[in-house]
Amino acid sequence: MRNSSVNEDGTTGESALKFRKIAYASGFDLLKGARSNFKLISSSSRLSCSGEKANVNHRHATIIARAMRNVIALFIATSALVGCATDTPRQTITVLAASSMAEVLPEIAEAFEAENRNVTVQTSFAGSATLAAQVRTGIPADVLITASRESLEASGNRVANPRIFARNYMVLATNSSEINVISDLNKESVIWIRCDESVPCGRAALLALENERVTSTPSSLESDVATVMGRVRAGQVDAGVVYRTNVTLKDIKIRVLNFKTPAAVDLYISEIKDSTHLATAGRFVNFLISSTDMLTTSGFEAVRK
Amino acid sequence: MRRSSTPALTMVAIVAAAFLVVPLAVLLVNVPVDQLPSVITRQASLEALKVSFVSATISALIAAVFSFPLAWKLSRTNSRFARLLRPLILSPIILPPTVAGIALLTLYGRNGVIGRFLQEVGVVSVPYTSSAVVIAGVFVSMPFVVLILLTALDQMPVDVEEAAAIDGASPSQIFWHIGLPYSAGSIVIGVALGWTRALGEFGATLTFAGSLPGVTRTVPMQVYLDLESTAQGAYVLSGITLVVALAVFYLIRIPWRSAPKNPRQRTSDSPQIP
């Protein structure tokens with residue numbers, strides 16, 4: 001995310017930057033000089049044929065001086081470029097995560113990058129089943145976070161060491177003053193929605209609604225919880241069954257109602273076996289699991305085994 | 001022997017055709033034929049097919065009824081207003097479908113201009129109903145139909161109309177007895193394309209109408225959902241949609257082959273006015 005050139009031991013990368021600038025400058029000099037050198041050599045060879053010796057000597061001296069300058073420039077350029085290669089290599093790790101992590105994962109990634117200056121964390125969010133399909137078909141990635149056991153198993157054998165690190169409980173998010181208890185969903189004028197049964201948040205929503213006496217049907221069954229939350233936020237519906245983490249601090253107009261049955265979804269995290277930065281991936285996984293404060297503030301129930 | 005292309009041109013044409021045809025062929029090949037009966041008769045698939053076909057047909061018919069007069073007026077009016085109106089009317093074609101859905105929501109949604117009024121009057125809200133699917137279908141397919149009709153009407157020879165007018169035909173008679181028969185072929189093609197466009201609509205319908213099985217969940221939405229859980233269902237429904245689209249294209253070619261819509265065909269000279 002942020003691109004800083006500070007190395008692990010605290011030195012800045014400015015000296016490397018200076019070297020690179022000198023290399024470029026020397027390279028350009030070489031190119032510019034080449035043209036005038038060529039003119040000098042060609043004109044002097046013509047003149048020597050006509051016998052103007054004094055001028056030729058002067059030109060010869062200039063050619064030799066130019067040649068020495070070019071050789072030195074070449075030397076600086078190549079050594080500067082070689083010098084750059086010995087900097088601490090930048091690593092980029094890719095984290096595939098379920099959509100429910102969309103608010104908290106960037107914060108955790110930034111904190112990790114602050115402690116590991118040469119690492120950039122790239123995040124990609126999607127529904128758990130999509131993530132499983134991506135991993136199974138070979139997407140290059142280092143860490144996988146999913147919200148269901150099925151998608152974990154569907155990811156195939158690239159998943160190294162999955163463990164549960166958090167739990168996400170279902171709540172009812174509402175923007176309407178008409179809804180104060182869950183059974184208010186039965187009111188005639190209320191429009192409410194939830195996820196479809198074929199995705200994890202939908203199955204959890206059904207569990208949550210089991211012990212509530214809700215007889216009205218939802219007006220739409222979405223394929224992901226972000227759509228449900230989006231519609232509630234935009235005021236297109238009165239209420240939606242979402243994860244607690246979907247309701248952020250910025251949603252000041254949204255109220256949260258709890259269900260009698262605490263229905264939750266377990267979140268799994270794992271490194272990807274064929275990751276090219278396995279050590280860094282492992283460090284990130286441990287870092288995330290231990291970031292219980294950030295997870296709890298976001299709405300998860302942190303699980304540490 | 002007729003030489004209208006070079007080997008290089010043929011190569012490029014083959015590559016272009018393959019780029020389009022090969023993925024579709026691979027899709028058809030990948031449809032699990034043994035699972036075909038079970039997936040088709042699954043309740044979700046039947047409901048999605050019913051919603052899609054019924055709403056697409058209604059949308060196409062509505063679009064047909066309203067598109068022809070609109071295209072007729074646009075092609076005949078030379079005012080600056082008409083010239084400015086054309087790109088606006090055709091814009092839903094280039095608009096990202098989700099944006100079209102948002103546009104419909106801002107008008108008909110609970111906080112929308114018309115939606116708020118409808119709520120006060122007591123009419124049930126429009127979004128999340130099957131009417132919303134039809135409205136979204138009309139919104140995305142009508143510009144298609146209008147575009148096709150405009151291309152045909154813009155090429156209609158003016159002297160036939162003028163001759164009729166001189167002979168005493170009223171504008172209404174010109175519309176019904178000259179304009180409509182001339183454009184019949186284009187209307188059929190336009191409606192067929194509009195129908196397939198409404199059938200395939202996803203973003204606008206999802207945003208505006210939501211996704212409720214049997215009410216607003218169309219085939220594209222069912223495919224999207226199936227991709228999240230059972231890939232086999234997605235393949236079967238996709239295969240069905242593809243076959244239906246191909247069938248439509250083959251059907252519309254049959255009765256209208258004689259319509260003078262191909263500019264490369266030479267038509268007879270229009271009658272001279274003595």
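Which residue forms a salt bridge with A:D274, and how far apart are the closest N and O atoms? The partner is A:R158, and the closest N and O atoms are 2.9 Å apart. A salt bridge here is a side-chain nitrogen of Lys or Arg within 4 Å of a carboxyl oxygen of Asp or Glu. The pair links distant parts of the chain, 116 residues apart. A:D274 lies in the loop between β9 (264-271) and α8 (278-290) of chain A, and A:R158 in the loop between α5 (149-154) and β4 (163-174). Helices (H or I, at least four residues) and strands (E, at least two) are DSSP runs, numbered from the N terminus.

This is a predicted model: local features need pLDDT of at least 70, side-chain atom pairs count only at pLDDT 80 or more, and totals for chains, interfaces and linings use all residues. Residues are numbered from 1 along each chain as its sequence is written, chains are lettered from A and ligands numbered from 1 in the order in which they are written, and side-chain values use heavy atoms, without hydrogens and water.

Back to the pair. A:R158 is buried, at 10% relative accessible area, while A:D274 is partly exposed at 45%. Buried means under 20% relative accessible area, exposed over 50%, partly exposed in between (1.4 Å probe, protein chains only). A:R194 and A:E197 also form a salt bridge, again with 2.9 Å between the closest N and O atoms. A:R194 is buried at 8%; A:E197 is partly exposed at 36%. Shared partners join A:R167, A:D266 and A:E301 into one salt-bridge network. Over all chains, the search finds 17 salt bridges.

Now chain B. It has 12 helices and 0 strands. Its C-alpha trace spans about 70 × 65 × 30 Å along the principal axes. Of its 274 residues, 38% are buried. One of them is B:E201, at 1% relative accessible area. The side chain of B:E201 meets that of B:R197 in a salt bridge (2.8 Å, N to O).

Next, the interface. 19 residues of chain A are in contact (heavy atoms within 4.5 Å) with 16 residues of chain B. The buried area, meaning the accessible area (1.4 Å probe) lost on being put together and summed over both parts, is about 1500 Å². Carbon and sulfur atoms give 47% of it. In chain A, A:S223, A:R231 and A:Q236 lose the most area to chain B, together 28% of what that side buries. The rule finds 2 salt bridges across this interface. B:R217 and A:D196 meet in a salt bridge at 2.9 Å, N to O.

Conventions
Buried area is the accessible area (1.4 Å probe) that two parts lose on being put together, summed over both.
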